[in-house]
Amino acid sequence: MSKSKHIILEKLKSKIHHSELEKEISLATLNGWTKKDMTQILSDKLKLSKAEVFVMPNKELASWLNEELPKRKVKNILSGTSLAKEISQKLSSTIELVEYDNSYESFSKQLFNEIEASITRTVGAIADSGSIVLKPSADEPRLMSLVPNTHIALVEQSSIFENFGQIMSDQSWSLNMPSNALLISGPSKTADIEQVLAYGVHGPKELIVLILTP
Amino acid sequence: MDQAKSLESRVGDALGNEQLQSNFRSAMDYLVEKRSEKFQDEDSLISLRDSASSIRDNSISNLPKLLVKLEESLINNNIQVHWAETDIEANNIIYQILDEANAKKVVKGKSMVTEEIELNEFLDSKNIEILETDLGEFLVQLANEKPSHIVMPAIHKSRREISKVFSDHFPDFPYTEDVDLITQQARKILRDRFREADAGISGVNFAVAETGTLCLVENEGNGRMCTTTPPLHIAVAGIEKVVESLSDLPPLLDILTKSATGQEITTYFNMISSPRRHDEKDGPLSMHVVLLDNGRSKIHQNTEMQETLKCIRCGSCINHCPVYTQLGGHAYGTVYPGPIGITLEPQQKGISMLGDLTSLCTMCGACAEVCPVQIPLPKLINRLRSETVEGDYMKQFIEGVGSQRKPMESFTWQIWKYIYGNSALYSICSAVITKLRFLAPKRIGGWSKYRVIQKPSRSSLKQLAKQAGIKNE
């Protein structure tokens with residue numbers, strides 16, 4: 001044990017005389033919202049944080065991308081390998097699909113300087129705070145949702161939860177935390193200059209959430 | 001921060017600076033209003049505060065156990081853990097880690113604890129370049145100043161002042177007072193720095209013992225950059241930051257963001273549980289956590305003041321403090337200003353040096369009313385205030401107890417106490433004073449500089465009551 005650790009712990013232990021306090025957390029009660037309610041609440045809240053939200057059947061994803069990306073002058077889009085397999089055939093040839101299949105070190109220049117947009121999956125969303133939930137992985141690395149100007153996130157309607165506590169307990173997070181988990185609630189923003197809100201300071205300037213129905 | 005000047009003269013400067021006062025007034029009004037919009041329903045606020053407070057109570061009363069558990073979980077997650085008793089030790093540990101990795105360029109996410117240990121100054125002296133990346137902190141660093149608020153560091157600067165600092169440092173960019181344009185220019189400048197950095201340093205909002213997870217709350221994304229792009233991530237956490245389990249997070253996160261900036265939630269809640277795993281493509285290759293004591297274990301031992309450690313640094317007490325709103329953050333001359341600052345700092349750095357800070361409180365109680373974890377700040381401040389002039393018990397925990405005692409002042413109060421404790425003497429004195437009222441001085445030192453001196457009344461309250469026929473006065 002390091003010397004400092006020993007000293008600090010000894011000092012802290014010296015005052016543990018009172019009976020240990022029981023935590024009294026009143027967990028946010030569930031409202032019993034339907035998926036439809038939650039879809040509505042989630043989109044309203046996300047829109048308040050300046051995210052764009054579209055609800056569509058799963059099978060229309062590729063055609064939405066084919067239509068919207070050219071409109072937004074997005075020429076290339078970064079995707080994880082597994083999602084790329086699903087959509088590459090259906091994507092129009094004018095959009096370049098780039099896979100994040102190398103280590104960051106060999107990819108960083110391209111990632112920072114050339115990639116315009118990214119598309120990632122999510123593990124769900126939280127209606128009451130208007131957040132999408134990501135667990136970046138080997139397939140969809142951490143920086144996909146941070147570096148490109150536009151981040152498109154796919155949320156399965158079935159994976160929208162009422163609150164943060166509910167998604168953590170339903171998905172048993174405490175048993176297996178990924179190296180990184182994220183709640184994202186809008187495009188990057190700041191109010192550091194005279195409390196004036198400005199978007200796109202370090203992360204994406206645009207967050208587009210596509211809620212996919214079966 | 002200008003510690004060389006006395007507190008009184010710093011306060012004088014602040015009160016004489018109208019620009020500064022109007023910057024703070026409008027910023028605080030904005031934050032107060034934003035917060036109250038989010039807490040419309042009194043009942044749910046009460047239950048949320050109860051939960052948050054109980055979670056923090058649990059953390060503080062189980063601190064040693066939770067810290068040992070946290071260390072074990074972090075090590076399991078392949079994160080190296082260091083314990084630092086003092087600021088000097090923490091700085092040396094961080095320097096050693098950077099030096100071993102041959103890191104010369106460091107990017108930092110906003111962190112008050114690294115302000116507390118003056119890490120920037122220390123690494124500067126070791127020729128390591130350390131760059132603040134939170135927009136507000138970046139601007140404050142460019143201006144060679146210190147943050148004036150723990151959540152909004154550049155709150156003391158107007159847009160014009162910021163534009164000037166920016167264009168002085170980056171003449172290649174056209175001068176602008178447009179906030180969007182300044183923000184985009186900063187984005188451009190900092191993106192390259194993130195990519196080129198050898199290491200990233202961050203603070204920690206909550207450290208979850210159960211899973212070894214470090215949580216960071218932010219809006220900009222610079223915190224995510226600092227903890228993801230460089231090959232090395234060092235997180236610095238005060239030992240009080242630990243919470244027991246993941247289920248503690250939702251109430252704390254909820255009340256933190258609403259209290260701090262009146263946001264439903266911040267843009268990012270970043271939960272980091274390990275460096276890059278073998279199959280992953282990005283994230284730091286190695287991670288370190290420095291657990292900092294720096295006076296916290298002493299506060300923990302001092303049961304009457306222990307609640308100081310519950311603080312989650314939302315800044316709400318600061319936003320609602322009438323003294324802070326008048327003075328701004330720099331007049332305090334400390335890292336943490338406002339109610340939490342005058343409670344925490346004298347305990348950490350001693351009463352000899354910072355005891356006079358406890359006078360920066362009107363005992364209005366606003367801070368205690370808004371504190372998300374129910375720290376009884378006025379009570380703690382009052383307790384400390386009395387420790388500045390007398391006390392015995394707290395000598396073992398706080399340096400300089402009683403050191404601000406002035407012989408004349410204490411003599412005066414002794415006499416006061418004696419007279420007020422003796423009814424015959426009191427009657428004589430009040431009779432004499434009403435008779436000799438013409439002797440009342442026209443000036444009494446600093447007191448009469450801003451106030452009209454009142455003469456004692458012709459008759460005492462007791463006499464007046466008697467005349468009015470009030471019985472048993």
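This is a predicted model: local features need pLDDT of at least 70, side-chain atom pairs count only at pLDDT 80 or more; totals for chains, interfaces and linings use all residues.
**Chain A as a whole**

Chain A contains 6 helices and 12 strands. Of its 214 residues, 54% are buried. Where contacts link residues at least 6 apart in sequence, 71% of them join residues at least 24 apart. Further values for chain A are collected below.

| Property of chain A | Value |
|---|---|
| Span of the C-alpha trace along the principal axes | about 70 × 45 × 40 Å |
| Accessible surface | about 9500 Å² |
| Share of accessible surface from carbon and sulfur atoms | 50% |
| Separation of the mean positions of the 24 positive and 26 negative charges | 4 Å |

**The site around A:L97**

A:L97 belongs to strand β3, which covers residues 96–99 of chain A. The relative accessible area of A:L97 is 22%, so this residue is classed as partly exposed, given that buried means under 20%. Leaving aside residues up to four places away in sequence, A:L97 is in contact with A:I77, A:S79, A:A84, A:I87, A:S88 and A:L91. A:L183 lies 86 residues from A:L97 along the chain, and their C-alpha atoms are 25 Å apart.

**The site around B:D41**

In chain B, the loop between α2 (18–38) and α3 (42–61) holds B:D41. With a relative accessibility of 44%, B:D41 is partly exposed, because exposed requires over 50%.

Terms used. Residues are numbered from 1 along each chain as its sequence is written. Chains are lettered from A and ligands numbered from 1 in the order in which they are written. Side-chain values use heavy atoms; hydrogens and water are left out. Helices (H or I, at least four residues) and strands (E, at least two) are DSSP runs, numbered from the N terminus. Buried means under 20% relative accessible area, exposed over 50%, partly exposed in between (1.4 Å probe, protein chains only). Contact means heavy atoms within 4.5 Å. Accessible areas come from the Shrake-Rupley method with a 1.4 Å probe; for residues, only the protein chains shown count as cover. Lys and Arg count as positive and Asp and Glu as negative; His and the chain ends are not counted. The place of a charge is taken as NZ of Lys, CZ of Arg, CG of Asp or CD of Glu.
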